[in-house]
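Good morning, colleagues. Please bring up the sequence and the model, and I shall take you through the packing of its side chains.

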Amino acid sequence: MKKTICYIILLFCLNTYAGQAQTVTFAFSNAEITNAGPFSSYEADVIISANTDFKLGSGQLYFDYNPLAFGSSVVAAGQVTITTLGYALGQTSGPFGIYSSFTSNDNSSSRLSFSWQQALSSECLPADNVTTTGTALFRLRIDFISGGDALDPGVCFTSAPPFDDQTFTACGSGAGSCGFPDCAGASGVQLTDDFFDCSASAPLPVEWLSFDARAVGEQVQIDWETATELGNDHFVVQRSKDALRFEDIDQVEGAGTTFTALYYEVWDKNPYIGTNYYRLKQVDYNGDFEYSEIRAVEINGPAVKVNVYPQPASDWLTVEVEEEVKPERIQLFNELGQLVMEELASDQDFRWNLNVQHLPRGVYMIRVGGETPLFANKIILQ
């Protein structure tokens, strides 16, 4: 009798240890706003991964959402669609589905649940369908109410007890061959060490199609195209001389929320001579922002003879320009790109003596010209 009790206790301990050792993580991927429903819809793939590969059994997941965006009790309202075809829960063995009894319920006015049952035994699965690299379990779609697509969807896993620990490894048939699962005699293991990651549940505010910058003569054309925009307030066009410190040079209003591809274009009529770096800062209505990739454009100024001396300079700096050229101004910028001195020119001016003794010692950028620079170069004050 004692041996039997010890065996049962040992088996329980082994199963408990196995459940604790096997971890499982649920996450989102490919979140987007689409026009799949009567109104626009939120869609995302639900991803499952683990620390070691295994065959998935029955399970249940819970999702919270923003009722201001979707309304209340979305399952009863017919706003929820679960797609399993082409996903792990859509796996088959011959003509039969390995999983069945897919059930969606309103767990509360702002929470829904989705469950699945194992219809065939683990022997019917050709290989482990939960891996360390992640597997797409199913795709979740919730239709917005009118105007809801301009709000934060707020879709996230419900991870607090008693909504966690609802996943099991697959039951066997008991006979060692593909058949109906025998979850009493050849049971799976309840996974009690699960994690939930909502970091990728929010769709991107702007889906980019392109972003380009190119030299056109002595100016730069900057254009971009978006496929969709979600709560997009505006774009800020930024330029840099070193790809580290950027300055704002233009601002373009966004389209708010739209699912139509849109094209934007601005021109930089006063680029630096040499390499210019451009990026976009996309700003949402709530103040959140993201940056685009950076594009580099090379500008070769006209062949103008400009002499700047002495170098390095101390108290005075002399600038001479050939007489055929009529620059509008001479400008000095510090290393932060800030304008620290400007000297306007007349049509008769071809030589300037600049008093720089009041400026801090260091490296500066001198620009000669007007709307389009004729000359730009670094100088040193010491």
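A charge is said to sit over a ring if NZ of Lys or CZ of Arg is within 6 Å of the ring centre and within 35 degrees of the ring normal. By that criterion, Lys281 lies over the face of Phe289, 4.4 Å from the ring centre. Arg239 is placed over the face of Tyr272, at 4.5 Å from the ring centre. Please bear in mind throughout that this is a predicted model.

As a general point, nonpolar side chains in soluble globular proteins tend to be buried together. In this model, the largest nonpolar core comprises 40 residues, and the members touching the most others are Leu137 and Phe138. Two or more residues of this core come from each of β1, β2, β3, α2, β8 and β9. There is also a second, separate core of 19 residues, with Val319, Val321, Leu332 and Tyr364 among them.

Which residues does Phe138 touch, leaving aside those up to four places away in sequence? The contacts of Phe138 include Ala44, Val46, Leu61, Phe63, Ile82, Tyr87, Leu89, Phe114 and Trp116. Asp45, Thr83 and Thr84 are also touched by Phe138.

Phe138 belongs to an aromatic cluster as well, together with Phe26, Phe28, Phe63, Phe102, Phe114, Trp116, Phe157 and Phe196.

Across the structure there are 19 aromatic pairs. One of them, formed by Phe70 and Phe144, is stacked, with 4.6 Å from centre to centre and 10° between the planes. This pair links distant parts of the chain, since Phe70 is in helix α2 and Phe144 in the loop between β9 and β10, 74 residues apart. Both Phe70 and Phe144 are buried.

Next, a strand. Why is β26 described as largely enclosed by the rest of the structure? Strand β26 covers residues 362–369, and six of its eight residues are buried, so the rest of the structure largely encloses it. Its pairing with strand β23, residues 329–333, is antiparallel and runs over five bridges. Within this pairing, Arg329 has Gly369 of β26 as its bridge partner.

Is Thr228 buried or exposed? Its relative accessibility is 17%, and the cut-off for buried is under 20%, so Thr228 counts as buried. Beyond residues up to four places away in sequence, Thr228 touches Pro205, Val206, Glu207, Thr258 and Phe259.

Thank you for your attention.

Terms used
Residues are numbered from 1 along each chain as its sequence is written. This is a predicted model: local features need pLDDT of at least 70, side-chain atom pairs count only at pLDDT 80 or more; totals for chains, interfaces and linings use all residues. Side-chain values use heavy atoms; hydrogens and water are left out. A nonpolar core is a set of buried Ala, Val, Leu, Ile, Met, Phe, Trp, Tyr and Cys residues joined through side-chain atoms within 4.5 Å. Buried means under 20% relative accessible area, exposed over 50%, partly exposed in between (1.4 Å probe, protein chains only). Helices (H or I, at least four residues) and strands (E, at least two) are DSSP runs, numbered from the N terminus. Contact means heavy atoms within 4.5 Å. Rings of Phe, Tyr and Trp (its six-membered ring) pair if their centres lie within 6.5 Å; planes under 30 degrees apart count as stacked, over 60 as edge-to-face and the rest as tilted. Two strands pair if DSSP finds at least two bridges between them.
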